[in-house]
Every structure is written in structure tokens, then in C-alpha cells.
Amino acid sequence: MTIHLSHFSAAMTFALFASIVFGITHRNTPREMLRYGAKCFLFFFLGTLAGGWLMWLLRH
Amino acid sequence: MAKAATKSAEPEVPPAKQEVEPPPTPKAVGALLVGWFIPGGGHLVQRRWGRGAILLVCIWTMFFLGLGMEGKVYAFNTGDLLDILGFFGDLGAGGLYFLARMMDWGHGAINLATADYGRVFIIVAGLLNIISAVDAYHIGVGKKP
């Protein structure tokens, strides 16, 4: 059985897990971990959108 | 003149306030090794149950999602530089990597776009596990609560 994810859903799944690990390993308190993880996820999300639009602009 | 300006730009830190790297302890090195071999295990052996469980779920899920997407698991090689780096990234997953090699998983399906995502998921799971194992080491030496 092969798992099929779209490029966007794969990128967001990647962002979710990477952000959680970054949050836990890069900060000391639970509150800071949550904030840092959320910030990383937001940057991943915005980076994905920005990259997508950049590729769209290059193509057109 | 220039020397004086440079000196004033870099404030001297008193020796007592400089951050000193704590020496490695057997407990910390053990946590590092356990954390590498069993993703999340380095935190669990130090009774950081919550963090350990979350790390375990994240890294294991990422690794098996990668395999589910038919991502490639690299064997040791001396060929292309990216293949060599891929091997070291995969090796970061510790026991999961050896399990995948033993079970002959991860051949990679080059006709599937998802297989390429899967390859990246497996490599990144390994790299995140290295970060996680180092974090377990820092907890072991008392650098982190």
C-alpha cells in the first residue's frame, strides 16, 4: 500500500513534525516550546506559499 | 586609536559569567546513544515522559510515512555525494534504519512523485533524531531542564 500525498499536504506534514521537534529541542519551558513550534510551523507554511507563488511567477 | 575603538566595541565578559560546557557524564552519553538508537528513548530514560513520547511519535511517524510513500532507504555507498549524504541522514534514525535495512524496506519507486517526498521524510526523520539525541545529552549533563 502506497501513501499518496499532494505536494502541499506532504509539505505541511513535514512542517508539522519538524516544528514539533524544533520546539521541544530548542526551548526549555513548555510555553516557550509551544510558541517556538508554532512560529516554526508558521514560517514553514508561509515559506511554502511564497515558494509556490514564486514558481508560478517564474512559469508565467 | 583604532585599537581602543575595537576594545570598547567588544565588552569583556567576566570569567564567572562565561558559559562553560559541562563535562560529559556516563548518564548523558548513555542518553545520547539510547536516543540515537531508539528515537525519543533518550528522553524517556531520563523520565522526560511527555517530551520523549512526542519526539518518539513525530520521528517514528515521519520515518514510516516516508516508507509508506515508497521512499528510498540508502545503503552505505561511495558513489554520488548526495547518495553518501543520504546514507548518513538515514543512519541518524538509528534502530529504525537498521530495521528498515533488515526487513529490506525502502527500495524507492522512481515512477512515483511521492517516493521522492518519502525519501526526504526518511532522511529528515534521521536528522531530527540526531537533534533529539543531542537534546537528551544536554538534559543528561544538566544544561537543559
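1. Is Cys58(B) buried or exposed? Cys58(B) counts as buried, at 4% relative accessibility, where buried means under 20% relative accessible area, exposed over 50% and partly exposed in between (1.4 Å probe, protein chains only).

2. The model is predicted, so that local features need pLDDT of at least 70 and side-chain atom pairs count only at pLDDT 80 or more, while totals for chains, interfaces and linings use all residues. Residues are numbered from 1 along each chain as its sequence is written, chains are lettered from A in the order in which they are written, and side-chain values use heavy atoms, with hydrogens and water left out.

3. Between the chains, 23 residues of chain B are in contact with 21 residues of chain A, contact being heavy atoms within 4.5 Å. The area buried there is about 1,900 Å², with carbon and sulfur atoms giving 80%; this is the accessible area (1.4 Å probe) that two parts lose on being put together, summed over both. In chain B, the residues that lose the most area to chain A are Cys58(B), Tyr117(B) and Leu128(B), together 23% of what that side buries.

4. The count of salt bridges between chain B and chain A is zero, a salt bridge being a side-chain nitrogen of Lys or Arg within 4 Å of a carboxyl oxygen of Asp or Glu.

5. Over all chains the count of disulfides is zero, the rule being a pair of cysteine sulfur atoms within 2.5 Å. The sulfur of Cys40(A) has its closest cysteine sulfur in Cys58(B), 13 Å away, which is too far for a bond. Cys40(A) also counts as buried, at 12% relative accessibility.
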